[in-house]
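Here are a few notes from a pass through this one. Have the viewer open while you read.

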Amino acid sequence: MWDITVRQGIKFSDGTSLDPADVVASYRAIKDPRTASPLAGTIENLAAVDEHGPHGVRFTLHEPQVSFKTSLLVGIAPSEKIQAATPVSDSELNRHPIGTGPYVLDSFDSSSLVLSANEDYRDGAPAVKKVSYTESNDDNARTQAMAGSDYTGTILPTRLASSFAQREGFEVVTATSADWRGISLPSNHPFTKDPGVRLALNVAVDREQIISGVLAGAGRPAYTFIPPEYGKYYNSKAAFKHDPTRARQILDAAGWKACADGIRAKNGTRAEFSLLYNPGDTLRRDLSLALASQLEPYGIKITVQPATFDQAEPRVGQDAIMLGGGDTPYDVDTQLYKMLHSSYPKAGAYYDNPSHYADKDMDRELHTGRSSTDEKSRIRAYQKVQSLYVEDPSMLLLAFIDHSYVQQSSVHERWATTSTLLEPHEHGTAWGPWAKIGQWANK
């Protein structure tokens, strides 16, 4: 059970006051299956939420969860504006958003968003009075617009961002993240469902080469879902050593033998599968192609195909997908649970535990890490989670990527800016050097 007190005197951008009823209505809407909220999977442990006292809210959980603090980061909307049982995609708040932050909506359309300073913001009106965003899904188009100084700043894949490093008038900012990239290994595919194959793939891939070539060095190898930034929770021994000889031995022992055409096979089934990537993401495309190239010499054929997320979802059981994750990396539990606990993907989305990994020992350690209030017990549990994973991997993780941003260097001539954060999978022009733009000050 968690009891929180709602701060008094806070106003929404429509002038109404924030109160416990708004918090309760927001969480209940997320939990309601009829709203189809993408946040529902993050509060699956929430049994009930109710007003508690004049200014309080009580969250009742199914079981103890130390990491529930990360679920308190959910944005709150006025209860009067929440449409019960209405899909979140149809909510009026999508067109007329209301919040309590440092900025309010000025205008928006299909390709642009303009925010103005909230002069009644609780911590004082921000010094930056207007922020304008322009939508551009094409990496190359954003690069050209940035080079022409059409943008003050933008996010770019590292290889494109690095071209600005030596250009006068620009600076490149890199933010460390818990944002991983890797591929699902379908549980219904005759090749990728083989535990020996999963282990061999993890041993065969040269992560350092991929980071150097595709990420231009802006990343760290990912063996499990836990990056070194988690400190004592990170198990440095839980890693896959790049070992081509061992990878081939594992494949041979699992019965996948090389054929005349160079592709391995077992009982008439070829060692091949399709790998899907989001067509709007050049980084996922390049990672997919690099992986296919690396695994070809092992007698494994990967066919790389573009597919939107809607197109990929019904194929998750048969085709691999280049995925990213680390949505709420502010506790080890939320970085791991949805990807490895056997209750997923049923309890969440198709990209949660997409390989349908299920192991009772893993479930037990994840439960201990989630529910224990003793830090030493949590550390032991998560160290064990990582050890179990490298013995029987569910996916082929490649790298934790550093997010790269480019901005005009003149920004620092006018503003005293703020530092970057440990970034989640979700990132973009509201992150990086602009994550706390409401705190910038005039020089």
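Contact here means heavy atoms within 4.5 Å. Bear in mind that this is a predicted model.

1. Start with Ile300: leaving aside its neighbours within four places in sequence, Ile300 is in contact with Phe191, Leu201, Leu251, Ala271, Phe273 and Leu295. Ile300 is also among the residues with the most contacts inside the largest nonpolar core, along with Ile183, Phe225, Leu291, Leu336 and Leu340. That core has 72 residues, and its largest share, seven residues, comes from strand S17 (residues 395-401). Another core, of 19 residues, lies apart from it and includes Val6, Tyr27, Ile43 and Ile98.

2. Leu251 takes us to helix H6 (residues 244-253), whose buried residues are Ala247, Ile250 and Leu251. Looking down the axis of H6, these fall within an arc of 100°, so they line one face of the helix. They pack against helix H4 (195-204) and strand S12 (264-266). Over on the other side of H6, Thr245, Gln249 and Ala253 are exposed. Just after H6 comes Gly255, with a positive phi of about 95°.

3. Next, have a look at the loop between helix H9 (332-340) and helix H10 (360-371), where Pro345 is found. The peptide bond joining Tyr344 and Pro345 is cis, with omega about 10°.

4. Which residues other than glycine have a positive phi in that loop? Asn353 is one, with phi near 45°, and it sits between H9 and H10. His356, also in that loop, has a positive phi of about 55°. Buried or exposed? Asn353 is buried, with a relative accessible area of 1%, whereas His356 counts as partly exposed at 46% relative accessibility.

Methods:
Residues numbered from 1 in each chain as written. Predicted model: local features only at pLDDT ≥ 70, side-chain atom pairs only at ≥ 80, totals over all residues. Heavy atoms only, no water. Buried < 20%, exposed > 50% of the residue type's maximum accessible area, 1.4 Å probe, protein only. Helix = DSSP H or I, 4+ residues; strand = E, 2+ residues; numbered from the N terminus. Arc of directions from axis to C-beta. Core = buried A, V, L, I, M, F, W, Y, C linked by side-chain atoms within 4.5 Å.
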